[in-house]
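Hi everyone, thanks for coming. Let me put the structure up on the screen, and then we can walk through a few parts of it together.

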Amino acid sequence: MDTSTEEHTSTTKTEPETLKLLINGQSVVSQTSEFGDILNPANQELLARVPFATSDEIDCAVEAARRAYRDWSETPVSQRARVFLRLQHLLRENHDALALCLTREQGKTLDDAKGDVFRGIEVVEQAANIASLLMGETVSNVGRGIDTFSLHQPLGVCVGITPFNFPAMVPLWMFPMAIAAGNTFVLKPSERTPMTAMLIADLAQRAGLPPGVLNVVHGGAEVVQNLCEDPNVKAVSFVGSSKVGRAVHERASKHGKRCQALIGAKNHAVLMPDAHKGRAISSLIGAAFGASGQRCMAISVAVLVGEAREWTDDIVEKARSLHIGAGEHPSVDMGPLISPQAKERVIGLIDAGVHDGARLLLDGRHVKVPGFEHGNWVGPTIFSEVKPEMSIYQEEIFGPVLILVGVKDLDEAIELINANPHGNGSAIFTHSGHTARHFQHNIDVGMIGINIPIPVPLPFFSFSGAKGSIQGDLHAYGKDAVRFYTQTKTVTTRWVTPERTNSTPTTIHMPQ
Ligand code: NAD
């Protein structure tokens, strides 16, 4: 395994900044006594401190959003949309700076960080098109002289709770669509990667959001609980781990909020023997080890069908050639894991796999990166001979660990995947249209790639994870986001000519 030999050069010796809250358009110094450290995962450099907002500060943020809602929800839709045109321009202008901040706090490579920002910008472009997305439906003459039409009206104050792994994209999945639809918003970014979100929030203010329309509070479990219970909050959008997401969904629902929680995954790729071998293996390696496996759409199980079982050595060799190091270095393929705790957890799961009898074909537990001795490194790791009951198969590892499973035919592969409780995504590599169709028709997951390893839909569709990968029924962005962030009203009207008004009969019975 190749590792970066660049010496670390510290960029700052000054006292790290303490992040502010954004409440009612103002940067607010939190009065809390609880703080978290934001550490560069490549070397543990202290980048900033994050304050955990007090309950008074959370109340202020929600109250600011509640007050701003009155005017913002009445602001003409084109005017709201134009803010997002300006925001997409500002995000593009600041693309490199955002990506650099993201790499430093999250660890992924600069190219990947640019992709993280870019996929968010695409949702902002969609938000700028909100007027056509908000259009309702009309049917005239549902009865004599009677027409029915539907309206999508905003809900009020919406909340977004985001994970560490996509510090730009996931906040941008949420607040642009919610706000463009006429809502106001309180964002609670991951306490591990909140710096990029703050830069984005600042750009959103510069783009012309009035005070209080977007607010940002920081913190962990307690802040989230407060937000989920606040009587003025109408909807909660959560992205993160399964355990936390289920609890957030339960709590928010219990307190009468609409809630969607996009949670954990265990994504499988099927490699058919008729696939283009080189392309299939390259795609698999990128999808398994890109961002060090810390993507909810990462491939963590490769199902090798029939003669494709003989591709194991090539897969291992390709993984072994990946270049590991600090994400800022241009030749690096894989950065560190987010934290020492994440590293310890992933190594613990690899140890468990070995203990349970799986065969370790490539071991990433002992990777060292010269100059970055304190980074959270785990190299590409590959297992074969894994049984479904082993913890490495059962759990979402969220690290650079790939499991290879051999099966005799496609139906056995489909059966294995459908038995898995998660259902975010799955890919198949094949040259056969029939095989691809059989797979897409019978596989029980929400997003399917055919010769595409990570089939994340563009924002005119929705991110349609299924089964155990989602709580709630409406997905992120696309038309589902419009439904999630609005209430549908259906209006039925009868306008009769004045001279007929007196001759209208009294209606007592249901129409037949
Ligand atoms: P996490 O669940 O630890 O944190 C997510 C958010 O929840 C953070 O803002 C955090 O502050 C908050 N939180 C943490 N503990 C909490 C608690 N006890 N109560 C209430 N809130 C709490 O997740 P993470 O480690 O930041 O992110 C990785 C996870 O996110 C993975 O499981 C990944 O699959 C998932 N994810 C899913 C999708 C998807 O679309 N399905 C997308 C991205 C990430």
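Let's begin with helix α2, residues 77-93, and helix α4, residues 110-127: they pack with their axes 8 Å apart, at an angle of about 160 degrees. Please keep in mind that this is a predicted model. Angles over 145 degrees count as roughly antiparallel, and therefore α2 is described as roughly antiparallel to α4. The crossing of α2 past α4 is left-handed.

Which residues of α2 and α4 make the contact? On the α2 side they are A81, F84, L87, Q88, L91 and R92, and α4 brings F118, I121, V124, E125 and A127. Sorted by class, the contact of α2 with α4 has eight nonpolar residues, one polar and two charged.

Helix α14, residues 410-418, packs with helix α15, residues 433-442, and here the angle is about 25 degrees and the axes are 11 Å apart. Angles under 35 degrees count as roughly parallel, so α14 is roughly parallel to α15. As for handedness, α14 passes α15 in a right-handed crossing.

The contact of α14 with α15 is made up of four nonpolar residues, four polar and one charged.

Let's turn to the strands. In what order do the three strands of the open sheet run? The order is β2-β6-β5, and the pairing is mixed. For β5 and strand β6, residues 46-51, the pairing is antiparallel and covers five bridges. One spot to look at is G36, which sits opposite V50 in β6.

Last stop: charged side chains. How many salt bridges does the structure hold? There are 17. One of the salt bridges joins the side chains of R104 and E45, at 3.3 Å from N to O. R104 belongs to helix α3, residues 95-106, while E45 lies in the loop between β5 and β6, so this pair links distant parts of the chain, 59 residues apart.

Methods
Residues are numbered from 1 along each chain as its sequence is written. This is a predicted model: local features need pLDDT of at least 70, side-chain atom pairs count only at pLDDT 80 or more; totals for chains, interfaces and linings use all residues. Side-chain values use heavy atoms; hydrogens and water are left out. Axes are lines fitted to C-alpha atoms, for helices over the stretch in contact, and angles run from 0 to 180 degrees between N-to-C directions. Helices (H or I, at least four residues) and strands (E, at least two) are DSSP runs, numbered from the N terminus. Angles under 35 degrees count as roughly parallel, over 145 as roughly antiparallel, 65 to 115 as roughly perpendicular and the rest as oblique. A crossing is left-handed if the near helix is turned anticlockwise from the far one by less than a right angle, and right-handed if clockwise. Ala, Val, Leu, Ile, Met, Phe, Trp, Tyr, Cys and Pro count as nonpolar, Asp, Glu, Lys and Arg as charged, and the others, Gly among them, as polar. Two strands pair if DSSP finds at least two bridges between them. Contact means heavy atoms within 4.5 Å. A salt bridge is a side-chain nitrogen of Lys or Arg within 4 Å of a carboxyl oxygen of Asp or Glu.
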